[in-house]
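Biologist: I am new to this structure. Please walk me through the terms as we go.

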Amino acid sequence: MRADGRLYDQLRQVKITPHVSEYAEGSCIVEFGKTKVLCTATYEPKAPQWLVGTGAGWVTAEYGMLPRSTHTRIKREKSMTGGRTQEISRLIGRSLRAAVDLKQLGEKQIIVDCDVLNADGGTRTASVTGGYVALALAFKKLLAVNEIKSNPLINYVSAISVGLHEGNILLDLNYDEDSAIGTDMNFVMTDKGHFVEVQGTAEHVPFTRDQLFKMMDVAEKGCRELFIHQASVVSEIYKIAGK
């Protein structure tokens with residue numbers, strides 16, 4: 001049992017509230033426990049210049065944290081120059097592109113913004129999970145107004161953190177756990193069982209191959225539960241594989 005009463009392989013309470021922005025083509029607020037992220041998807045009818053003539057579109061992302069999203073105030077970011085911010089933005093973009101047939105999208109672009117309202121660990125994994133919902137809702141709106149002719153979604157994508165502490169594998173770390181844990185990993189998966197990204201580091205004590213495989217199993221369990229949460233909002237747009 002963990003300090004917050006969860007089982008080792010239990011997610012925090014997950015909530016996805018759609019249509020929170022009046023203007024964005026797709027939007028939601030995703031909550032992993034106390035972590036809360038606003039995700040909006042914006043449509044641009046032109047692909048980036050380097051894709052013009054290729055027939056393919058693009059999905060990209062920008063991530064940021066509001067000044068009082070953390071325990072103490074952080075400086076407001078004037079531009080996406082911070083190393084951590086840029087790394088997480090790229091992670092979210094890569095993850096969401098794994099959910100889209102870019103040729104089918106055509107020479108258009110979707111920009112997904114993920115703004116952390118409250119941070120209690122797992123902001124990047126919540127951003128990927130909520131960003132997917134905002135993206136899917138944007139595609140639904142674009143289909144309705146004939147901006148795109150067919151749905152380019154090919155997967156669900158979600159992400160979750162896993163940690164290793166005193167031999168126990170913990171799913172979905174909150175801030176206190178993340179700060180104290182020896183091994184911290186982030187997994188991004190599709191509903192077809194493919195890994196999009198695996199990030200992991202060990203502090204003080206390295207982990208074994210057997211522990212890595214066990215962490216992958218726990219992460220997959222978490223991602224599959226997140227697909228169900230996503231599907232509760234967007235299943236009319238895209239069905240979970242095998243459902």
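Biologist: How many of the 243 residues of the chain count as buried, in percent?

Modeller: The share is 49%. Buried means under 20% relative accessible area, exposed means over 50%, and partly exposed lies in between (1.4 Å probe, protein chains only). This is a predicted model: local features need pLDDT of at least 70, side-chain atom pairs count only at pLDDT 80 or more, and totals for chains, interfaces and linings use all residues. Residues are numbered from 1 along each chain as its sequence is written, and side-chain values use heavy atoms, with hydrogens and water left out.

Biologist: Why is Gln230 called buried?

Modeller: Its relative accessibility is 0%, so Gln230 counts as buried. Gln230 sits in helix H5, residues 209-234. Helices (H or I, at least four residues) and strands (E, at least two) are DSSP runs, numbered from the N terminus.

Biologist: What does Gln230 touch, beyond residues up to four places away in sequence?

Modeller: Ile16, Thr129, Tyr132, Val133, Tyr156, Val157 and Ser158. Contact means heavy atoms within 4.5 Å.

Biologist: Why does Leu173 count as buried?

Modeller: Its relative accessible area is 2%, so Leu173 is buried. Leu173 lies in the loop between strand E7 (168-171) and H4. Beyond its neighbours within four places in sequence, its contacts include Arg2, Arg12, Gly121, Gly122 and Asp178.

Biologist: What agrees with a compact globule here?

Modeller: The radius of gyration, taken over C-alpha atoms, is compared with 2.2 Å times the number of residues to the power 0.38. For 243 residues the rule gives a value near 18 Å; the chain has 18 Å, so the two agree. The C-alpha trace spans about 55 × 45 × 30 Å along its principal axes.

Biologist: Which elements make up the chain?

Modeller: There are 5 helices and 9 strands. From the N terminus on, they run β-β-β-β-α-α-β-α-β-β-α-β-β-α.

Biologist: What volume does the largest pocket have?

Modeller: About 460 Å³. On a 1 Å grid over the protein atoms alone, a pocket is an open set of points where a 1.4 Å probe fits, with protein on both sides within 12 Å along at least five of seven lines; lining residues have an atom within 4 Å of a point. The volume is the space filled by probe spheres set on the points, which are joined across faces, edges and corners.
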